Each structure stands twice: as structure tokens, then as C-alpha cells.
Amino acid sequence: MEMEERSFVIPQEQQQMEDGGGSSRYTIDEALVSMGFGNFQILVLAYAGMGWASEAMEMMLLSFIGPAVQSAWSLSPHQESLITSVVFAGMLVGAYSWGIVSDKYGRRKGFFITATLTSVAGFLSAFAPNYISLLILRCLVGVGLGGGPVLASWFLEFIPAPERGTWMVVFSTFWTFGTILEASLAWKVMPSLGWRWLLAFSSFPSLLLLIFYQYTPESPRYLCLQGRTSDAAIILEKIARRNRTNLPPGVLVSGHSYAFEEQNIPVEDVHLLSPRQTKVETPRATKSNIVSLSPLLKLLSRELIVSTLLLWVVFFGNAFSYYGLVLLTTELTGKNRCTTTDMHLNEHDDVNYRDVFISSFAELPGLALSAVIVDKLGRKLSMSAMFFLAATFLFPLAFYRVDGLTTSLLFGARICITSTFTVVYIYAPEIYPTSIRTTGVGIASSIGRIGGMVCPLVAVALVKGCHQTAAIILFEIVILLSGICVVLFPFETKGQHLPENVAET
């Protein structure tokens, strides 16, 4: 039996062991730190960022499509709100589903399906003949958009631990680029060509993901977890060549197996594979460990239940407040809708495009602020401080609203919520192990989509019903509760290695 186990070590490695150098081993984390962030990760960033910008554009256009369709088809305020809510309903389903798919079948398959669904349904929605067909197609777009966290987790798994915070903030700039691009596109397209052309143009970035899909690598962390360590080593070799660096000396070993060996716990079928080995082995122990518990039960295990439940509240509050601020910008700025006639409101439509365009630039200082504080103050302090500051900006709007002041306060609040949204998408993948990372982030994102579904009912229905103060107070409660939950998170993840399994958390 001993001879059979040794047969998994190739002759080159046997010679290294005879020379005394075969004891060197390295994990994915150690390899990434050794190679650093280079040209390979830049390409991964460009692809993942393109998907992130695409999702931002599809979400941002909701601010413009609802009022335009309401005017064209004589919809009620409730029907207008439903156009936004069905997108979030689709995202609720998609975020959960695509997280499980990508954890089971790979990150690449996950974001390929989502990009296909988003681009096709998004383009077809431009030709929707009636209200019901538009709702169905926009809901399908939402299902596709639910895969956004898969791209975020995929990119994160290529970043060296010491640089994760900074580069995830850079990744978030693509969302801001998407919102600014969509706001400027709406400003130019809506007055002349109409909402159908805006829907068509906004679907193109998702199509680009499909065009460049063939060049994307699978996550080496996912491959290691599946026992495909040789495939992971091949990708690491490509990273080293592209970055013009070298892998650490020795052989790649799965992180969970390495941890067991360091604790002197015998593990069957632990195979050490050189980067040049091409045969794929699947450890039985690893597979049985992966499928022993359902992903949801793992998220609610003793080690993770507190973090999971608090994270759900934070994602709900983030989505509720972020999309609420986007919609409030079009509803609160300009002339008072409760005292002006429909004719006056129509005259003010172009000004709304301008205000949304201006407020979109609030995300740039929000991202810059995130980049400065996320690795200095840590994830928890950064998020909690920004939540409480956002509540401070919004509070005066409950009692006093003047156009210039309202735009400034919404601008400041959006800076803060952009920061919290950016940091929570860094923190969430860091608290979950590789085996359930995209599932955990996906389900948390699904909870956030519920906040997005409720948000239009508040920002549109209450404000249009002349209940602005009630709407602002509700936003205050949600934001403050989210900040308190951040304070209660059990641990900080700044500078820590990504866990590979639940036990490591």
C-alpha cells in the first residue's frame, strides 16, 4: 500500500526528495503572494469589471425606464414600481441559484449562463409589445444579474491576501463607471430616441462577456477544492509566466490537506502534484466532505450562523439604501411633485437626468474613501462609520428640502453608501470558505435584492404620495440598523488568508 501511495509522486519529485528538497510545498495563498498582482490579474480584473459595469447599467436604467413607460402606457404608480421590483425578484432567485451552480460546477460556467441570460433578455425587452411581456423579460434580466457576486468572488480568488482590499475597491470602480455611463446614455438617448433604444444599448456590455468568455481561466481555488490540483497548478504557471515571476519552490498542495498535515492528522489520498503533472485526481475524502452538508446548512453552522445572519441584514440595508438613494434623486430633486401639475413635471424631466448624472459622480469619492480606509481601519470600522455618516446626511431631508441642499445631502449620503456597498462585497467573500464562497455571497446578495424590491415601494409610492418624511425616516431606521449589525460582526478579515473549508473559519 505504501508503494501505491508513492506512485502518485512523479520521478522528478522522487529525485528532489532524495536531494532533500522535496519537502517544500505551497498552497494557493502562498503562490499568489509569491507571484504578486500583475498582468494576469489585470486581465481578470478587466473581464470581471466589465460584468460588474454591465450589472450597474442594467440597475441604473430602472431610474429612467419606469417613468418613461408609465407615460407611454398610462401606468399607475404601482405598475411603475413593479417594473423595478420584478428585476429584484429575478435577482433574488438568480443570486441564490448561480452561487450554488458556481460552487458545484465552477465559476466559469456560472457567469457564462448569467451573461447569456442577461444579454438576450435585456435586448429582447427593448421589443416588448406590452406591459406583461416587459415584466417577464425584465424579471429574466434580473435572474441573470443575480450572478454578479460570482464574478466578484472569481476575481477575489486571484488576488494575493495583502492586496485584496485595495484591488476589490478598484474592481468596484467598474460599477461606478457603469452607473455614470448609463446616466449619460439616458441623458442623450431618452429625449431623442426613447426608452426602447436605452434598453437595447444597455444590453451590449453583457454581450461582450460572451465574446471574451473563451479566454477566461477557472479559479485555481475552486479546482484545488475539487481535487483538480494539477489543473490549478497549470493556471498558476500561466499566472507566473504572464506576471514574469516564479512559483514558490516545491509542489502545490491543497490548503485543507496542508492544514491537516501541520496538525499531524492523517488524511487518506493526499496527493502532492507538481505544476507539470497533467493527470487529474479527485480525492475521495475531499468529495465526501464537500457534499456531506448542503450549502445552506453550512452557512447556518455553528461557526458561521452569527456572521451569516448579520451579513444578511447588512446586505438588505445596503441594497435598500443604495437603490433608494438612486430613486430618491429623481423623486426629491426639482419641483415639488405634491404642488405642481403634470405639465410642470414634464418640463422638469430633463433636469432629473442631469441630477441623476451628477449624483452618480458621488460614487467616485465614495470609492476613493473606501480605498483609503478599508485596509487601514479594517472592514468593520469602515462600514459602520460610513453607515452612521449616511444617516447623518439623510436626517435633515425629513424636515427641510430645498433643491440645492437636497442634491448636496443626497450626494453625501450616496458617497457613504457607495463605501459600505464596496466594503461589504470585500468582507462577505472573505468570511466564507472556498467550498461555499459564491453560495454564501449569492444568498446574502439575494437578501439584498429583497431590499431592492421593497425600495421602490418606499421611494416611489411614498414620495409620490406626498409622504416624503415617512420615507426618509424609514431609510434612517434601515441604515442605522445596518450600522449596528456591522459593529456586531464577530471578526475582522483584514489581511487574513481566505479559508478553504468551514473548519478554518
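The following conversation concerns a predicted model, its helix α8 and its cysteines.

Student: What should I know about the model before we start?
Tutor: This is a predicted model, in which local features need pLDDT of at least 70 and side-chain atom pairs count only at pLDDT 80 or more, while totals for chains, interfaces and linings use all residues. Residues are numbered from 1 along each chain as its sequence is written, and side-chain values use heavy atoms, with hydrogens and water left out.

Student: How many helices and strands are in the chain?
Tutor: The chain has 25 helices and two strands, taken as DSSP runs (helices H or I, at least four residues; strands E, at least two) numbered from the N terminus.

Student: And what share of the residues is buried?
Tutor: Of the 505 residues, 58% count as buried, meaning under 20% relative accessible area with a 1.4 Å probe, protein chains only; exposed is over 50%, and partly exposed lies in between.

Student: Turning to α8, why is it described as largely enclosed?
Tutor: Eleven of its 15 residues are buried, so α8 is largely enclosed by the rest of the structure. The buried residues include Tyr131, Arg138 and Leu145.

Student: Which helices cover them?
Tutor: Among them are α4 (39-60), α6 (77-105) and α9 (148-156), with contact meaning heavy atoms within 4.5 Å.

Student: New topic: how many disulfides are there?
Tutor: The count comes to zero, where a disulfide is a pair of cysteine sulfur atoms within 2.5 Å.

Student: Is Cys416 buried or exposed?
Tutor: Cys416 counts as buried, at 2% relative accessibility, whereas Cys139 is partly exposed, with a relative accessible area of 27%.

How values were computed:
The expected span of a helix is 1.5 Å times one less than its number of residues.
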